[in-house]
Amino acid sequence: MAHNIIEVKNLTKKFGDFTAVKDISFSVASGERFAFLGPNGAGKSTTIKMLTTLLLPTSGSIMLGGHDPVREADAARKSFGIVFQDPSLDEDLTAQENMEFHGVLYSVPRDTRRARIEELLNFVELYDRKDSFVRDFSGGMKRRLEIARGLLHHPKIIFLDEPTLGLDPQTRNHLWQYLEKLNEEEGITVFFTTHYMDEADRVAQHIAVIDHGQIIATGSGEELKKQTGTQTLEDAFLKLTGSEIREEGADSLARMRMFRGRR
Amino acid sequence: MNAVYIMWLREIKRFSRSKSRIVGSLMQPLLFLVSFGFGFGAVFAAAGQGNYINFLAPGIIGMSIIFTSIFNGMQVIWDRQFGFLKETLVAPVPRIAIMFGRTLGGATVATLQGCIVLVMTLLIGFHPVSWLLIAPAILIMLFIGTLFSALGMMVASLMRDMQGFQLVMNFLVMPLFFLSGALFPLSAVPEALKLVAAIDPLSYGVDALRYFLINATTYGLGLDLIVLSGFTLVFLALGSYFFSRIQV
């Protein structure tokens with residue numbers, strides 16, 4: 001049995017009366033490409049936030065790279081890199097400065113840092129733009145930079161929350177080629193969410209489907225299709241989660257963006 | 001330690017690049033200096049209080065510092081909005097180092113701003129009592145900047161978005177400024193106002209600035225420093241506490 005780099009047991013998160021994540025358990029093997037799928041508002045991001053120490057669980061346990069994100073937050077934080085669903089770059093800094101900032105926060109020694117930044121920026125084809133301000137970047141360039149940044153400190157796990165959202169097929173393919181290469185060559189565990197089912201089917205070795213805060217199916221793409229008697233993962237997904245459209249409340253952040261946009 | 005430095009450096013870089021912010025934040029002190037300074041100058045002198053520009057200049061420096069540093073502390077809210085806060089929150093760094101670096105950065109920026117305002121007051125006709133004592137006055141600026149950056153961070157940690165910004169400006173920053181002795185001598189005001197000023201940390205900041213710049217003081221430098229230290233420690237502690245509790 002492969003060693004599990006992520007172990008989640010009976011994880012629950014409540015916001016007041018609302019239970020966003022209900023008693024979920026799952027594990028991800030080291031070096032695996034794992035897709036975490038679910039409709040909007042199913043609890044994906046909440047789960048990722050708990051795994052990555054941004055949110056405290058109501059109950060249950062998590063082990064991440066051998067550390068508990070609640071009790072040994074900093075040790076757990078060292079073991080992963082993350083690309084958030086929303087941008088998280090400092091737009092008033094250059095690409096190089098965003099990378100430097102991250103390297104210093106993660107205590108990557110100066111020489112290693114310089115070399116690694118150059119290597120990663122070349123890899124995501126942003127090296128010639130390293131001194132441009134991030135605010136001048138396109139959505140795809142920002143995503144690529146965030147991925148480079150998330151990998152700077154050699155994490156064992158990379159979390160990607162809808163990394164390909166809003167990207168054109170060229171950039172999407174480029175990103176996945178890159179991530180699969182990293183996964184195969186460096187053995188980095190890839191944990192991602194996406195709404196593109198073909199992407200999940202192609203990339204992931206293991207899939208978990210979450211809906212209404214509960215995990216309703218797990219297995220490989222093939223297994224999920226077999227379980228539901230469908231031809232494509234998209235059909236399997238719809239069969240598992242129903243075809244009703246989900247409401248996702250505009251959170252305060254979304255409202256604030258609108259507010260800022262008006263000024 | 002590196003985390004404190006990089007958080008500090010980020011504030012400095014952002015400030016030095018934002019020319020509109022620098023120019024914009026100089027307009028308000030300039031307006032106060034010109035309108036109050038020249039507008040009330042004659043009345044102030046007739047009342048036997050001396051040169052109003054000299055009295056006012058340290059107060060306006062204090063004003064620019066409190067506005068800049070509280071605003072800087074509240075940048076946490078923008079960072080939350082633009083997502084950058086998450087990048088710092090998943091980093092394997094103690095929360096207190098992040099908070100401390102940001103606070104020092106905000107204080108440094110506010111001090112730079114205070115120095116620019118100081119130069120402006122000199123151009124308008126302010127005469128400091130000694131050029132040498134400008135050095136300790138700059139240290140006092142840094143002190144005031146740290147105190148209010150920490151306060152700004154504390155407030156920002158408790159807010160989810162910028163909707164409450166006006167509330168903070170009108171119910172916290174404005175009273176702190178207007179009720180301190182920045183604009184008028186505290187020796188001649190009604191007892192009630194004297195009491196309010198006595199619990200306003202900015203009163204002590206401005207008083208310490210006046211001690212070094214025009215050799216005048218209401219509370220005495222010793223008490224100024226004690227009160228400023230006390231408030232700074234309390235706000236740093238509370239700021240770190242609330243900042244460490246942020247979840248996104």
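Analyst: Two strands pair if DSSP finds at least two bridges between them. The strands themselves (E, at least two residues) and helices (H or I, at least four) are DSSP runs, numbered from the N terminus. This is a predicted model: local features need pLDDT of at least 70, side-chain atom pairs count only at pLDDT 80 or more, and totals for chains, interfaces and linings use all residues. Residues are numbered from 1 along each chain as its sequence is written, while chains are lettered from A and ligands numbered from 1 in the order in which they are written.

User: How many bridges join strand 3 of chain A to strand 7 of chain A?

Analyst: Three, and the two strands run parallel. Phe34(A) stands opposite Phe191(A) of strand 7 of chain A. Strand 6 (residues 157-161) of chain A also runs parallel to strand 7 of chain A, joined by five bridges. There, Ile157(A) has Thr189(A) as its bridge partner.

User: Which way do the residues of strand 7 of chain A point?

Analyst: Thr189(A), Phe191(A) and Thr193(A) point one way, Val190(A) and Phe192(A) the other. Five of the five residues of this strand (189-193) are buried. Buried means 20 or more other C-beta atoms within 10 Å of the residue's own; 12 or fewer is exposed, in between is partly exposed, and C-beta atoms are placed from the backbone.

User: What is the strand order of the six-strand open sheet in chain A?

Analyst: The order is 5-6-7-3-8-9, with mixed pairing. Strand 5 (80-83) and strand 9 (214-219) of chain A stand at the edges with a single partner each, so one side of each has no neighbour in the sheet. Strand 8 (residues 206-211) and strand 9 of chain A pair antiparallel over five bridges. In that pair, Asp211(A) stands opposite Gln214(A).

User: What lies across strand 3, strand 8 and strand 9 of chain A?

Analyst: Helix 9 (residues 233-241) of chain A does, at about 35° to strand 8 of chain A. Axes are lines fitted to C-alpha atoms, for helices over the stretch in contact, and angles run from 0 to 180 degrees between N-to-C directions.

User: Which strands form the three-strand open sheet of chain A?

Analyst: The order is 2-1-4, paired antiparallel. Its edge strands are strand 2 (18-29) and strand 4 (59-64) of chain A. Strand 1 (residues 4-15) of chain A meets strand 4 of chain A through five bridges. Lys9(A) stands opposite Ser61(A) in strand 4 of chain A. Helix 1 (residues 44-51) of chain A lies across strand 1, strand 2 and strand 4 of chain A, at about 115° to strand 1 of chain A.

User: Why is helix 7 of chain B called largely enclosed?

Analyst: Because 18 of its 25 residues are buried. Helix 7 (residues 134-158) of chain B reaches 36 Å from first C-alpha to last, close to the 36 Å expected. The expected span is 1.5 Å times one less than the number of residues.

User: How many residues of chain A are in contact with chain B?

Analyst: 29 residues of chain A are in contact with 23 of chain B. Contact means C-beta atoms, placed from the backbone, within 7 Å. Helix 10 of chain A gives the largest share of the chain A side, six residues.

Key: Two residues are in contact if their C-beta atoms, placed from the backbone, lie within 7 Å.
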